[in-house]
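Please open the model in a viewer and keep the selection panel at hand.

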Amino acid sequence: MPKSYKVAILGATGAVGTELIQLLEDRNFPIADLTLLASPRSAGQLLSFKGESLPIDVVGDRSFDGIDLVLASAGGSTSKQWASKIVAAGAVMVDNSSAFRMQLDVPLVVPEVNPQAAASHRGIIANPNCTTILMNVAVYPLHQVQPVQRIVAATYQSASGAGARAMEEVKIQSRAILQGDPPVPEIFPYPLAFNLFPHNSPLNENGYCEEELKMVNETRKIFNAPDLRITATCIRVPVLRAHSEAINIEFEHPFSVAEARERLSQAPGVKLVEDWQANYFPMPLDAAGQDDVLVGRIRQDISHPNGLELWLSGDQIRKGAALNAVQIAELLVAHDWLHPAEAAIGVGANLG
Ligand code: A2P
């Protein structure tokens with residue numbers, strides 16, 4: 001009999017949590033039992049899974065007893081609060097928050113890039129930052145051909161990265177503006193409807209915001225390239241659920257557009273979207289709801305002989321968060337890496 005697992009979703013009512021439920025159902029993840037956890041605010045709510053209505057439980061000390069796998073997307077402080085209980089209960093936590101991403105003994109995994117890293121977990125695996133995942137899926141196939149020397153990225157990030165209430169806020173502000181009323185910011189610091197602003201994460205002393213530094217530090221960890229030079233400017237735009245990114249990549253030697261296109265057309269998790277005659281390239285509305293990262297507008301950088309430019313859009317809630325987490329869970333199950341003792345034996349296993 002194929003194995004099936006007891007799975008819990010921590011943050012089940014959120015933008016990523018609800019997508020996790022849908023993906024587990026759509027991808028037929030082998031589930032024996034699904035527990036949905038959130039804060040007391042959601043007590044008594046019901047969510048549907050495989051035609052059944054499941055209650056939301058308020059997360060507590062006994063929530064993880066007997067659970068094999070926890071998919072967490074309830075923010076960094078909630079992850080930190082429950083991580084040791086989850087691991088002590090013998091479950092593996094795939095954590096969507098930034099709480100553990102840069103910890104040395106926590107693998108940071110994009111399955112298209114470093115699947116084998118998941119094998120070495122000790123109870124926690126971190127799901128990378130959404131903008132980082134999307135960029136990594138598009139850049140890594142080129143990095144495999146010729147190591148990237150430097151990346152310059154500019155992002156156009158949707159409201160979904162700040163959660164379900166932030167998405168609602170953009171809709172409410174849009175309606176208000178169209179009716180001639182002032183837009184009222186509550187989740188974001190400024191009105192996002194009909195506007196944009198530099199990413200609202202805390203600013204570092206060097207002038208970079210945390211989101212930008214996540215792209216830098218997490219990519220280095222995922223690519224296992226500690227010296228990779230990366231700079232980014234992250235901007236929030238009034239789009240609901242897909243991020244877009246303009247990426248300039250510098251290689252050691254010239255990298256032809258034709259070869260880049262060829263590589264990306266075969267890369268896992270990438271869909272080439274390029275109709276030069278129609279000026280039709282990746283757009284967030286097209287990327288919304290899709291698993292693949294849409295990549296296009298691949299062109300030679302006219303300012304540098306070894307530079308390429310590309311443009312991408314990818315669903316922030318799916319590949320940027322929930323889908324990547326479920327793919328990590330699928331890796332764990334496929335390779336029997338769920339339990340750390342077995343995981344240690346699994347290091348270096350042939351991923352095929
Ligand atoms: P709740 O809906 O009960 O507040 P989003 O990222 O879309 O804002 O969603 C955040 C998710 O994290 C929601 O499911 C939210 O539950 C959950 N959450 C937030 N804070 C806590 C907490 N302290 N304990 C448990 N779940 C939490």
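The model is predicted: local features need pLDDT of at least 70, side-chain atom pairs count only at pLDDT 80 or more, and totals for chains, interfaces and linings use all residues. Residues are numbered from 1 along each chain as its sequence is written, and side-chain values use heavy atoms, with hydrogens and water left out.

**Stop 1: the largest pocket.** Select A74, G75, G161, A162 and G163, which lie nearest the centre of the largest pocket among its 44 lining residues. A pocket here is an open set of points on a 1 Å grid over the protein atoms alone, where a 1.4 Å probe fits, with protein on both sides within 12 Å along at least five of seven lines; lining residues have an atom within 4 Å of a point. The largest pocket holds about 1,200 Å³ of space, a volume being the space filled by probe spheres set on the points, which are joined across faces, edges and corners.

Stop 2: Next, select helix 1 (15-26), helix 2 (76-88), helix 4 (164-178), helix 5 (210-223) and helix 8 (318-334), each of which supplies at least two lining residues. Helices are DSSP runs (H or I, at least four residues) numbered from the N terminus. Helix 5 contributes the most, with 3 residues.

Colouring by domain shows at least three lining residues from each of domain 1 (5-99 + 320-351) and domain 2 (131-316); these bounds come from an automatic or database domain assignment.

**Stop 3: the second largest pocket.** Finally, select N114, A117, K221, I222 and N224, which lie nearest the centre of this pocket, lined by 17 residues. Its volume is about 370 Å³, and helix 5 again gives the most to the lining, here with 4 residues.
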